[in-house]
Amino acid sequence: MSQSIFKNIWLPYTQMQTCNTPIIVEQTQGSRIILKDGTELIDGIASWWTACHGYNHPYIADQVKSQLEKMPHIMFGGIVHEPALMLAEKLSNLLPGSLNKVFFTESGSVSVEVAMKMAIQFWLNHNQLNKTKILSFYGGYHGDTLATMAVCDPDEGMHSLFKEVLPKQYISALPSTLELQKYFVNFLEHHHHEIAAILVEPLVQGAGGMLFHEPEVLSFLRKQADHYDILLIFDEIFTGLGRTGSLFACNQAEIIPDIITLSKALSGGTMPLAATIAQDHVYNGFLSDQDTHALMHGPTFMANPLACACGNASLDLFNNYDWFGNVRSIESQLQQELAPCQQLDQVKNVRVKGAIGVVELYKITNINLLKQQFLAQHVWIRPFRNIIYLTPAFTISSSELSHLTQTIYKVLAG
């Protein structure tokens, strides 16, 4: 196929002058990507972690077809509809505590922006005008929009080019050791009056480096947030809905954030959909006889009925098969089959959490060559920086997963 057909496409995270010709996908099925020439690739990352139930799940497809015939879209301003009401109720029933006030958006980045906006306006509504800063962590990633770039890791992330124009926020080391906890408490002691919320990816910091931490870190953050009167936001766009081995990462810490964000697997990887969900006390902070106290935000396609139909179907599926058992099996297989990579000279670390497998290298010298080597083995794996990772569908077969893990070892071993 002629190179000229790509002349109008601008790909993400890609230097277009030097990139390889992109592959053309014709079809997807299960954990397979079928190319236009008939080649099948085993997908190791489930389309950036979204297709948790596998591609083309018939139940989700049926729900989309049914909704498409009735109502593909309607504005959510002054109008509501059953798919959104049902999805909000399902999410509220699944989440702990009073996380039951659901604001729908269409992307993860926007859901985090809404969470940040909620947190800041919550304090403004209470006439605490100085509490306008968000405190996030090194190694974190929360999106590519202007506000979310400001709370990503400023050094290791993708946004260092913009550091002089981004809003200034506070970024700290994650308090994962006693020494770092002391530093963190000291920082809060001096700055808590300026901080509206602490924002963290619980258990796993995803696109910032696939960095893991223990549930005790989250318990510590909850304790400090309560002590210093700061809201706690969990960005569970990556970790939510089964990826770490529990339905939500916050379940493993047995704590409840004030606000949680969800996306990715929320629609089973079928439609753009995200949600920002607040506890009652946050929501109540916007109730007033003053119009200016309302949350003034409203994406055009928020609560899109087709996307909500996907969300309802995806949540139904969590009750219809043993996803938990599948994730435990994937975790065990990843631990066993990625372990040999640790013996390779270029491998710095191998780590596994739930359906997440990470091989961290000291350095990747030619990432485009590495991608091509994976493609030659008929797998779809997308390394970034010095990280090779697997985040497969929960429905992947053991043989498909073995092909992925064995390919990583084979390519790295040379």
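This is a predicted model: local features need pLDDT of at least 70, side-chain atom pairs count only at pLDDT 80 or more; totals for chains, interfaces and linings use all residues.
Strand 14 (residues 356-361) runs antiparallel to strand 16 and is joined to strand 16 by 4 bridges; Glu360 stands opposite Ile387 of strand 16.

Helices are DSSP runs of H or I with at least four residues, and axes are lines fitted to C-alpha atoms, for helices over the stretch in contact, with angles from 0 to 180 degrees between N-to-C directions.

## The hairpin of strands 1 and 2

Strand 1 (residues 25-29) pairs with strand 2 (residues 32-35) in the antiparallel sense over 4 bridges, and Thr28 has Ile33 in strand 2 as its bridge partner. The hairpin has 2 residues between the strands, and in this hairpin Gly30 takes a positive phi near 60°.

## Packing of helix 2 and helix 10

The axes of helix 2 (residues 58-70) and helix 10 (residues 305-320) come within 9 Å and cross at roughly 150°. That makes helix 2 roughly antiparallel to helix 10, a term that applies to angles over 145 degrees.

Tyr59, Ile60, Gln63, Val64, Gln67 and Leu68 of helix 2 meet Pro305, Leu306, Ala309, Cys310, Ala313, Ser314, Asp316 and Leu317 of helix 10, contact meaning heavy atoms within 4.5 Å. By class, the contact of helix 2 with helix 10 has 10 nonpolar, 3 polar and 1 charged residues.

## Annotated binding-site positions

An unreviewed UniProt entry places the feature "binding site" at Gly108, Ser109, Asp235, Pro299 and Thr300; such annotations may be inferred rather than shown by experiment. They span 193 residues in sequence, and the farthest two C-alpha atoms are 22.5 Å apart, so they do not all gather at one spot. Ser109 lies in helix 4 (residues 108-125).

## Basis of the values

Residues are numbered from 1 along each chain as its sequence is written, and side-chain values use heavy atoms, with hydrogens and water left out. Local features need pLDDT of at least 70 and side-chain atom pairs count only at pLDDT 80 or more, whereas totals for chains, interfaces and linings use all residues.

Terms used:
Two strands pair if DSSP finds at least two bridges between them. Angles under 35 degrees count as roughly parallel, over 145 as roughly antiparallel, 65 to 115 as roughly perpendicular and the rest as oblique. Ala, Val, Leu, Ile, Met, Phe, Trp, Tyr, Cys and Pro count as nonpolar, Asp, Glu, Lys and Arg as charged, and the others, Gly among them, as polar.
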